[in-house]
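Please look over the sequence and the model shown below before reading on. The paragraphs that follow lead through the sheets, the helices and a few single residues in turn.

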Amino acid sequence: MYFKLNSHIFPRFIEGTLQVFDFLEESFTFGDLNSFVFLKHLSYVPQHIDDLTSKIYAEFSPAPDMEEFKKDAFDFFTELYSLGIVSKGITLEECDKNEVRFNYSNHDIFSSSVKKEHNSLSEKMEDIISKPLLRRVVLEITKFCNERCVQCYIPHENKNIRISCDDFFNIIDQCTSIGSVTQINITGGECMTHPDFKDFIRYVKEKGFALSLLTNGTLIDDEIIDILSKGALSKVQVSLFSLDPKVHDSITQLPGSLEKTLANIQKLRKANIPVAIATQVLDLNHKSIPDLFEYAKQNKFEIRCSDTIIAKEDLNSDNLQSQPKSAECFADVCRTRIKYSPEYYRINMDLLRLPPKGLESRLCNAGFNAIKISPDLKAHICTGWNLELGDLRKTKLIDIWENSPEIKRIRNISLADFPKCSKCDIRNICTICMAQAYNANNGKFEMPEFICEINKVIKRTCEEE
């Protein structure tokens with residue numbers, strides 16, 4: 001019998017516990033040291049049970065009975081098969097064929113709000129991030145971009161730097177050494193403008209990380225698709241603002257960008273690479289939001305629609321002029337969300353029924369499970385927030401994560417630090433983004449009034465449904 005890891009499974013041994021990350025479900029399954037010793041010898045290439053048993057057996061002292069050990073190993077891998085962690089087959093070819101890979105023909109994110117049933121050792125990701133643990137690193141490999149989106153948080157005059165190969169590979173090697181990092185997000189600027197982009201994504205996949213890309217989709221080619229299709233699962237998040245070229249291209253300020261983006265999205269779909277549509281509600285495109293949701297539904301794409309934008313990294317807020325002129329348009333956006341995701345409505349209503357958040361409530365997960373690194377090797381708390389945590393030319397990534405005074409300060413910020421928000425009667429459904437507050441108010445933690453108005457409209461609309 002042959003066994004192999006399924007391509008969406010990423011095991012890690014962290015603080016005495018096996019944590020198996022399911023990249024598709026974004027959930028974790030837990031185990032012990034013995035489970036990890038068995039699991040760590042699996043790869044994304046099928047191996048015969050005898051070869052696996054020999055490797056694992058060598059790690060046990062005193063050596064157990066070999067025949068009984070083989071039976072235990074077979075039973076363990078068979079259990080992992082029932083949990084969707086591994087695939088199996090009598091032959092190498094059958095093992096490969098039997099893998100339940102991501103496929104659009106049997107995947108539909110809009111078909112049901114019912115989640116996969118988890119075994120007793122499994123938890124949703126949000127249940128295990130109560131303490132700081134670096135799981136995801138966002139690598140902004142370049143500020144260069146072939147588009148000039150009106151709402152972009154990167155000042156256009158700063159789009160002129162990129163990370164070096166040696167620095168990129170060094171950061172990935174540090175992530176490997178840290179041990180808890182499971183996911184690498186590569187972004188920009190437009191990440192595919194980097195001349196070494198293909199070598200970068202190959203290296204991330206070779207090192208066994210879950211790879212996620214954020215791109216405008218215009219530069220995707222067949223070689224990139226081939227790299228993403230092989231080995232461990234990769235996801236691609238593509239910026240899309242409208243299905244009307246006049247609207248989309250007026251936002252990106254790149255003529256013909258919609259045509260290229262849509263064509264390449266379909267190439268990703270044909271290759272069975274998971275796609276998420278990323279859009280933002282702007283003055284130019286808010287009437288396009290229903291069409292984008294319908295497009296996502298018809299193609300079985302995830303869609304991530306942000307109601308708000310972040311002021312620029314240099315604390316210049318002139319890009320906020322691209323926001324809708326009135327918060328009232330968010331009533332239509334909210335109704336669209338409810339139509340395509342009943343879960344969105346249920347979550348908001350459940351939150352509104354709960355007692356108001358206390359002053360000690362944490363605002364978001366900034367500094368708890370992810371960090372961003374810019375092309376100049378400065379570490380930041382999250383994407384779009386230029387607050388510096390440390391310099392990787394001087395300090396190791398793990399030292400920044402564990403010892404940076406700024407990251408410790410951010411982790412301790414609570415609702416009490418936002419006096420206006422702490423008294424607001426809709427604070428339960430308002431996601432207080434510290435980056436938005438910081439950038440829009442020249443470093444002062446205060447939510448922009450327009451975001452307050454948006455959330456009032458969302459509350460009213462949900463209650464009217």
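Where is the place of Glu26? Glu26 sits in the loop between β3 (17-22) and β4 (27-31), where helices (H or I, at least four residues) and strands (E, at least two) are DSSP runs numbered from the N terminus. This is a predicted model, in which local features need pLDDT of at least 70 and side-chain atom pairs count only at pLDDT 80 or more, while totals for chains, interfaces and linings use all residues. Residues are numbered from 1 along each chain as its sequence is written, and side-chain values use heavy atoms, with hydrogens and water left out.

Glu26 has a phi near 55°, a positive value in a residue other than glycine. Most residues other than glycine have a negative phi. With a relative accessibility of 33%, Glu26 counts as partly exposed, a class that lies between buried (under 20% relative accessible area) and exposed (over 50%), with a 1.4 Å probe and protein chains only. Asn272 is placed in the loop between α9 (257-270) and β12 (275-280), and at 24% relative accessibility Asn272 counts as partly exposed.

Turning to the sheets, three strands form an open sheet in the order β5-β1-β6, with antiparallel pairing; two strands are said to pair if DSSP finds at least two bridges between them. The edge strands are β5 (47-48) and β6 (86-89), each of which pairs on one side only. Strand β1 (residues 2-5) is joined to β5 by two bridges, and Tyr2 stands opposite His48 in β5. Helix α3 lies across β1 and β6, running at about 115° to β6; such angles run from 0 to 180 degrees between N-to-C directions, and axes are lines fitted to C-alpha atoms, for helices over the stretch in contact.

Helix α3 (residues 66-82) also packs against helix α2 (residues 49-57), at an angle of about 115° and with the axes 10 Å apart. That angle makes α2 roughly perpendicular to α3, given that 65 to 115 degrees counts as roughly perpendicular, under 35 as roughly parallel, over 145 as roughly antiparallel and the rest as oblique. The contact (heavy atoms within 4.5 Å) is made by Ile49, Asp50, Leu52, Thr53, Ile56 and Tyr57 of α2 together with Met66, Phe69, Lys70, Ala73, Phe74 and Phe77 of α3. These residues divide into nine nonpolar, one polar and two charged, where Ala, Val, Leu, Ile, Met, Phe, Trp, Tyr, Cys and Pro count as nonpolar, Asp, Glu, Lys and Arg as charged, and the others, Gly among them, as polar.

A further open sheet is formed by nine strands in the order β13-β12-β11-β10-β9-β8-β14-β15-β16, and its pairing is mixed. At the edges stand β13 (302-306) and β16, each with a single partner strand, so one side of each is left without a neighbour in the sheet. From one strand to the next, the twist averages 25°. Within this sheet, strand β9 (residues 183-187) and strand β10 (residues 210-215) pair in the parallel sense over four bridges, with Ile184 opposite Leu211 in β10. Helix α5 (residues 165-178) lies across β8 (136-140), β9 and β14, running at about 175° to β8, and α9 packs on the sheet by touching β11 (234-239) and β12, its direction making about 160° with that of β11.

Two bridges join strand β14 (residues 370-373) to strand β15 (residues 378-382), which run antiparallel; their hairpin has four residues between the strands, and Leu377 in the turn has a positive phi of about 70°. β15 and strand β16 (residues 385-391) pair in the antiparallel sense over four bridges, and here the hairpin has two residues between the strands, with Gly384 in the turn at a positive phi of about 90°.

Finally, the axes of helix α10 (residues 289-299) and helix α11 (residues 329-340) come within 9 Å and cross at roughly 15°, and these two helices are therefore roughly parallel to each other. Val333, found in helix α11, is buried, with a relative accessible area of 2%. Leaving aside neighbours within four places in sequence, Val333 is in contact with Val281, Ile289 and Asp307.
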